[in-house]
Amino acid sequence: MEMQGIPFGTTDWASIPRTEHAGETGKAYWQTCHFGSIRVRMVEYTPGYLADHWCVKGHILLCTDGELHTELADGRTFTLKPGMSYQVADNAEPHRSKTKTGAKIFIVD
């Protein structure tokens with residue numbers, strides 16, 4: 001990823017509209033900003049959320065609140081708690097998110 005043509009700026013996440021995305025169960029609420037080809041999101045998952053698809057998009061993801069479980073298509077699972085992150089490349093390892101208690105995450109992709 002190259003970051004070019006993005007002037008210095010600040011983001012007041014409280015002013016960014018939320019969009020609702022249904023999972024197989026539960027919901028995700030996204031606040032999304034684009035900086036050139038880079039998408040940056042604050043995502044809140046409701047308790048009981050399970051993604052409705054396997055994602056192949058690369059991300060850098062930071063858990064800021066709650067607990068997020070990430071399942072890879074090969075069966076491995078990982079748990080993120082506040083202050084933990086993961087990174088995965090585009091088309092590298094299909095993954096999906098779930099949470100029992102809810103979670104808030106910050107994503108760059």
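**Packing, sheet and cysteines**

Modeller: In this predicted model, Val43 is in contact with Ala28, Tyr29, Trp30, Ala103, Lys104, Ile105 and Ile107, once its neighbours within four places in sequence are left aside.

Biologist: And which residues have the most contacts inside the largest nonpolar core?

Modeller: That core has 14 residues, and those with the most contacts inside it are Val43, Tyr45, Leu61, Leu68, Leu80 and Ile105. Two or more residues each come from β3 (38-45), β5 (59-66), β8 (85-88) and β10 (103-108), with β10 giving the largest share, three residues. There is also a second, separate core of six residues, among them Cys33, Ile38, Val40 and Val108.

Biologist: Switching to the open sheet, what is the order of its four strands?

Modeller: The order is β4-β9-β6-β7, with antiparallel pairing. Because β4 (49-50) and β7 (77-80) each have a single partner strand, they stand at the edges and one side of each is left without a neighbour in the sheet.

Biologist: Which residue is the bridge partner of Tyr49 in β9?

Modeller: It is Thr99, and β4 pairs with β9 (residues 95-99) over two bridges in the antiparallel sense.

Biologist: Is Cys33 buried or exposed, and what about Cys55?

Modeller: Cys33 is buried, at a relative accessible area of 10%, and Cys55 also counts as buried, at 15% relative accessibility.

How values were computed:
Residues are numbered from 1 along each chain as its sequence is written. This is a predicted model: local features need pLDDT of at least 70, side-chain atom pairs count only at pLDDT 80 or more; totals for chains, interfaces and linings use all residues. Side-chain values use heavy atoms; hydrogens and water are left out. Two strands pair if DSSP finds at least two bridges between them. Buried means under 20% relative accessible area, exposed over 50%, partly exposed in between (1.4 Å probe, protein chains only). A nonpolar core is a set of buried Ala, Val, Leu, Ile, Met, Phe, Trp, Tyr and Cys residues joined through side-chain atoms within 4.5 Å. Contact means heavy atoms within 4.5 Å.
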